[in-house]
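Open the model in your viewer and follow the stops below. Each stop says what to select and what is there.

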Amino acid sequence: MIRSYKRPWRLASAGGRGPRKRTFAHPARGVLCGGRVPAGVELGVLAKYPFLREASAYIQSEGVPLEEVLGDPAYARARAAGKARVLEALERGPEPNRVAVAPADQLSQLLAYPVARILVSALEDTYLIRRFALREAIVAEALLKDDSDDVVVHLAAQLPMDLRREDGGFRLHFSDFLRFTSTMRETPWKLINQRVERGFVRLRRDKALRVLRNAIQRHIEQGLPLPVNDEIWSAFRTDLREIRGLLDAKKATFKAEDIGKVSITRFPPCMYNLLAQIQNHENVPHMGRFAIVAFLHHIGLGNEEIFRVFGDVPDFAADVTKYQIDHITGTSSPTEYTPPECSTMKSYGICPGPDRICLSIRHPLSYYRLKGRETRPRRESPATAV
């Protein structure tokens, strides 16, 4: 556990790559801070998009140290709102209109975001981080639909992505388009089907906001988890216990079902979880889908059997899914792909944590083969083996 920080511990709310700083970034010049903007308007915008750099600067200007947010009754509403954001990410869909109008409530909503990040960080769970980032991104996309183009461009610049207004829509540099649509394999999102001029992809406003959602989600994910100390654990112990209980209950619903001639009791935890999430209608990231397809192929499932596994995923597209399966299995390509090694699975955040067998192998297929040569203790499953 990390030692307590010296007072004041600042509530940095911006995520991103590189070393994590606990001081606030100076506000960049732009539509939210260029010139004098009425305090209520500015605070309202920051409450809607608390991952902006200006949000950190605003909190700093208010002189709010962590110690007060942790226990001062004046910030009870912010603590409750932060916890609600985390529970919302696990329990139900986001509520785009949750941002309050009154300035006092807007400040609570603004402070709720770093509180939520602290709670998510304290539990250090990849699934929770992904759910939290996705829900925050979905909320931001919904709010941006009613916001100005100036705000859209300003927000995009901080992610960063080169998004510019043009002829009632937007244009996005093709490299950013590829970077933030890499998990969107449907035909309408292929670069070859876009209108590209001088290195920029022309996008309608709704499509630009959809790409922006992916960028926001990645931005938030990359900023987590934060280091958490004993003081934070003590202050939020009850809340963390409640969130952990809900998280464990959610994961307990991820029970993989038999899919044919293969034995799911021999699946490593990573593949068991991926299969369970797919069957539970969760939106599995692209690398997770690639890994499970290659894994199922190499343990003996045919392409049609693999195809049926993906029939209920949220963004299922039959033609795209069939093409990808045929490509990964070598049916329509010269390469028959194998699943990523354990180290790669960890780097992509789709390893849920090793069990006792994982500690002796380096590849998911080795787990499946090894598991077939041993007798499993009674009532033990891939989700509970330790």
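Which side chain makes a polar contact with the side chain of Arg202? Select Arg202 and look for Glu166: the two side chains make a polar contact of 3.2 Å. Keep in mind throughout that this is a predicted model.

**Stop 1: around Arg202**

Arg202 sits in strand β4, residues 200–203. Leaving out residues up to four places away in sequence, Arg202 touches Glu166, Asp167, Phe170, Arg171, Arg195 and Glu197.

Now select Arg171. This residue belongs to strand β2, residues 169–173. With a relative accessibility of 16%, Arg171 counts as buried. The side chain of Arg171 also reaches Glu166, through a polar contact of 3.0 Å. Show the neighbours of Arg171, again without those up to four places away in sequence: Asp162, Leu163, Arg164, Glu166, Arg198, Phe200, Val201 and Arg202.

Stay in β4 and move to Phe200. Is Phe200 buried or exposed? Phe200 is buried, at 8% relative accessibility. Draw a C-alpha to C-alpha distance from Phe200 to Asp162: the pair is 9.1 Å apart in space and 38 residues apart in sequence. Beyond its neighbours within four places in sequence, Phe200 contacts Asp162, Arg164, Arg171, Leu172, His173, Phe174 and Arg195.

Next, select Asp167, in the loop between β1 and β2. Asp167 is exposed, with 70% relative accessible area. Its phi is positive, near 50°, and Asp167 is not a glycine.

**Stop 2: helices α4 and α6**

Select residues 76–91 for α4 and residues 126–144 for α6. How do the two axes cross? They come within 9 Å and cross at roughly 100°. The two helices are therefore roughly perpendicular to each other.

Show the side chains where they meet. From α4 come Arg85, Val86, Glu88, Ala89 and Leu90. From α6 come Tyr127, Leu128, Arg131, Phe132, Arg135, Glu136 and Val139. Seven residues of this contact are nonpolar, five are charged and none is polar.

**Stop 3: salt bridges**

How many salt bridges does the structure hold? There are 18 salt bridges.

Begin with Lys83 and Asp239, whose closest N and O atoms are 3.3 Å apart. Lys83 is in helix α4 and Asp239 in helix α11 (residues 237–252), so look for a link between distant parts of the chain, 156 residues apart. Lys83 and Asp239 are both buried.

Move to Arg85 and Glu136, which meet in a salt bridge of 2.9 Å, N to O. Arg85 is in α4 and Glu136 in α6, so this pair ties together parts 51 residues apart in sequence. Both residues are buried.

Then select Lys322 and Glu304. Their closest N and O atoms are 2.7 Å apart in a salt bridge. Lys322 belongs to helix α15 (residues 318–328) and Glu304 to helix α14 (residues 303–309), so the pair ties together parts that are 18 residues apart in sequence. How exposed are the two partners? Lys322 is partly exposed, at 36% relative accessibility. Glu304 is partly exposed as well, at 42%.

Now go back to the first stop. Select Glu166, Asp167, Arg171, Arg195, Glu197 and Arg202 together: salt bridges that share partners join them into one network.

**Stop 4: backbone details**

Most peptide bonds are trans, and most residues other than glycine have a negative phi. Look at some exceptions here.

Select Leu159 and Pro160. The peptide bond between them is cis, with omega about -10°. Pro160 lies in the loop between α7 (149–157) and β1 (163–166).

Select Leu224 and Pro225. Their peptide bond is cis too, with omega near 0°. Pro225 is in the loop between α9 (205–222) and α10 (230–235).

Finish this stop at Glu124, in the loop between α5 (103–123) and α6. Glu124 has a positive phi, near 50°. At 61% relative accessibility, Glu124 counts as exposed.

**Stop 5: the whole chain**

Zoom out. What does the chain contain in helices and strands? It has 17 helices and four strands. Colour by accessibility: 49% of the 386 residues count as buried. Among contacts between residues at least 6 apart in sequence, 70% join residues at least 24 apart.

Technical notes. Residues are numbered from 1 along each chain as its sequence is written. This is a predicted model: local features need pLDDT of at least 70, side-chain atom pairs count only at pLDDT 80 or more; totals for chains, interfaces and linings use all residues. Side-chain values use heavy atoms; hydrogens and water are left out. Axes are lines fitted to C-alpha atoms, for helices over the stretch in contact, and angles run from 0 to 180 degrees between N-to-C directions. Angles under 35 degrees count as roughly parallel, over 145 as roughly antiparallel, 65 to 115 as roughly perpendicular and the rest as oblique. Contact means heavy atoms within 4.5 Å. Ala, Val, Leu, Ile, Met, Phe, Trp, Tyr, Cys and Pro count as nonpolar, Asp, Glu, Lys and Arg as charged, and the others, Gly among them, as polar. A polar contact is a pair of N or O atoms within 3.5 Å; within protein, one must be able to donate a hydrogen and the other to accept it, and residues adjacent in sequence count only if both atoms are side-chain atoms. A salt bridge is a side-chain nitrogen of Lys or Arg within 4 Å of a carboxyl oxygen of Asp or Glu. Buried means under 20% relative accessible area, exposed over 50%, partly exposed in between (1.4 Å probe, protein chains only).
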